[in-house]
Amino acid sequence: MTNLLKNSTFLLGQLTSKALRIRNSSTYKAAVIRGTSNSFSVEEVARTKLGDNQVRIQVHYCSLNSNDLPTFHENSKGSPFTPGYEIGGEVIELGKNVTKNQIILGEKVAALNLERMGGFAEECVTNVEDMFRLPSNLPLKDAAILISGHSLALLAFSKMTKIKKDDYVVISAGSGGLGLAAVDIAANVYGAKVIGVVDSSDKADLLRDRGAFKTVQPDSKLQQQVLKAAEKKNIKVVYDAVGSSLTEPLANCVSSGGQIFLAGSHLYESIPTPPFNTNLAVLDLIAIKNHDLEAYRCLVNDVLDLADQGLISAHVSASFELGDINKAIEFIQEKKCTGKVLIRML
């Protein structure tokens with residue numbers, strides 16, 4: 001037997017042995033939140049049966065976005081609940097209807113588990129349509145940061161409007177990763193002149209490092225600040241990833257015929273009325289998936305390809321082990337976060 005064949009046989013044996021050990025386990029560790037509690041407990045959770053069109057993933061990384069914290073209790077509805085939807089990991093079990101053309105056992109994948117959640121755990125189950133093969137040069141941890149926020153921004157800037165080089169785009173970016181992702185796409189993929197709206201000088205420095213043309217810090221004269229930063233040029237797009245008091249003054253900055261994007265309905269108590277002669281859209285990846293599955297999958301795959309080409313990149317604000325997930329929550333609540341936080345399972 002040649003050395004190459006020996007090595008291939010050895011690696012296949014390792015993979016098979018590992019997959020069998022995982023499959024034979026009846027429980028796994030998961031971060032669980034209950035009732036109105038604001039803290040997680042890491043517990044042994046019973047494994048559920050895999051559906052015909054589902055895939056079980058051994059989770060390596062799952063990202064945590066500050067914008068998602070208020071939704072934990074809404075999603076749990078009082079029951080034990082494991083959040084987490086941006087996942088990088090390895091396939092350890094396939095449903096009986098999943099084909100080799102879709103995925104194979106042992107393959108490294110990204111998963112966007114917006115409906116099932118469950119990412120803050122050693123393993124999770126995802127529907128096969130929410131799972132994506134990784135380009136060869138893209139690390140798992142980067143995929144867990146990129147696939148949601150960047151896909152949302154790509155939806156806005158490539159499908160719902162067309163921005164081009166030197167267009168003025170205003171993006172509000174709080175402590176979460178949605179605004180940062182939008183800056184990355186608008187500036188580094190399309191060459192737009194991004195005016196970033198942030199609440200601290202540290203975040204302003206980060207946005208400029210990521211490609212923003214100028215930054216402003218919000219105050220009572222926010223609208224005047226933004227218009228001045230745009231040098232009296234038309235502002236084609238406003239992308240609001242913060243919500244609350246920023247929405248109205250930012251919306252009033254967009255030029256006639258321009259577009260206002262709200263990066264998720266959960267950021268708003270009510271959807272604001274746009275100024276006359278402008279358009280407003282609330283972005284939602286689940287809605288796109290339900291309406292046009294092929295377009296949804298194309299968006300996420302395009303983001304992964306852009307990262308593989310080096311046009312966009314993942315920013316990790318901090319990284320924590322699964323057992324320290326409450327420290328990750330505290331890190332965000334203390335407003336130390338400048339993007340997404342990465343939770344490591346392995």
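A salt bridge is taken here as a side-chain nitrogen of Lys or Arg lying within 4 Å of a carboxyl oxygen of Asp or Glu. In this predicted model, Arg47, Arg56, Glu93 and Glu123 are linked with one another in a network of such salt bridges, and the count by this rule comes to 20 salt bridges. Side chains of opposite charge can pair when their charged atoms come close.

Several individual pairs may be described in turn. Lys289 forms a salt bridge with Glu129, and the closest N and O atoms of this pair are 3.9 Å apart. Because Lys289 belongs to helix α9 (residues 285-291), while Glu129 belongs to the loop between β6 (123-127) and β7 (131-133), the pair ties together parts that are 160 residues apart in sequence. Lys289 is buried, with a relative accessible area of 9%, whereas Glu129 counts as partly exposed at 24% relative accessibility. A further salt bridge is formed by Lys214 and Glu231, with the closest N and O atoms 3.2 Å apart. This pair links distant parts of the chain, 17 residues apart, since Lys214 is in strand β10 and Glu231 is in the loop between α7 (222-229) and β11. Lys214 is partly exposed, with a relative accessible area of 26%, and Glu231 is likewise partly exposed, with a value of 38%. Asp324 forms a salt bridge with Lys327, the closest N and O atoms being 3.9 Å apart, and at 29% relative accessibility Asp324 counts as partly exposed.

Strand β10, which holds Lys214, is also part of an open sheet of six strands, arranged in the order β10-β9-β8-β11-β12-β13 with parallel pairing. The edge strands of this sheet are β10 and β13 (279-282), each of which pairs on one side only. From one strand to the next, the twist averages 20°. Helix α5 packs on the sheet, where it touches β8, β9 and β11, and the direction of α5 makes about 165° with that of β8.

Within the sheet, strand β11 (residues 235-240) is mostly covered, with five of its six residues buried. On one side, strand β8 (residues 168-172) runs parallel to β11 and is joined to it by five bridges; among the residue pairs involved, Val170 has Val238 of β11 as its bridge partner, and Ile171 has Tyr239. Strand β11 also pairs in the parallel sense with strand β12 (residues 259-262), over four bridges, and here Val237 stands opposite Gln259 of β12.

Helix α6 (residues 201-209) has a buried side and an exposed one. The buried residues of α6 are Lys203, Ala204, Leu206 and Leu207, and because they cover an arc of only 160° around the axis, they lie on the same side of the helix. The face turned away from this buried side carries the exposed residues Asp202 and Asp209. The buried residues of α6 pack against α5 (178-188), β9 (193-197) and β10 (214-216), and the two strands among these partners, β9 and β10, belong to the six-stranded sheet described above. Just after α6, Gly211 takes a positive phi of about 125°.

How values were computed
Residues are numbered from 1 along each chain as its sequence is written. This is a predicted model: local features need pLDDT of at least 70, side-chain atom pairs count only at pLDDT 80 or more; totals for chains, interfaces and linings use all residues. Side-chain values use heavy atoms; hydrogens and water are left out. Buried means under 20% relative accessible area, exposed over 50%, partly exposed in between (1.4 Å probe, protein chains only). Two strands pair if DSSP finds at least two bridges between them. The arc is that of the directions from the helix axis to the C-beta atoms. Contact means heavy atoms within 4.5 Å. Axes are lines fitted to C-alpha atoms, for helices over the stretch in contact, and angles run from 0 to 180 degrees between N-to-C directions.
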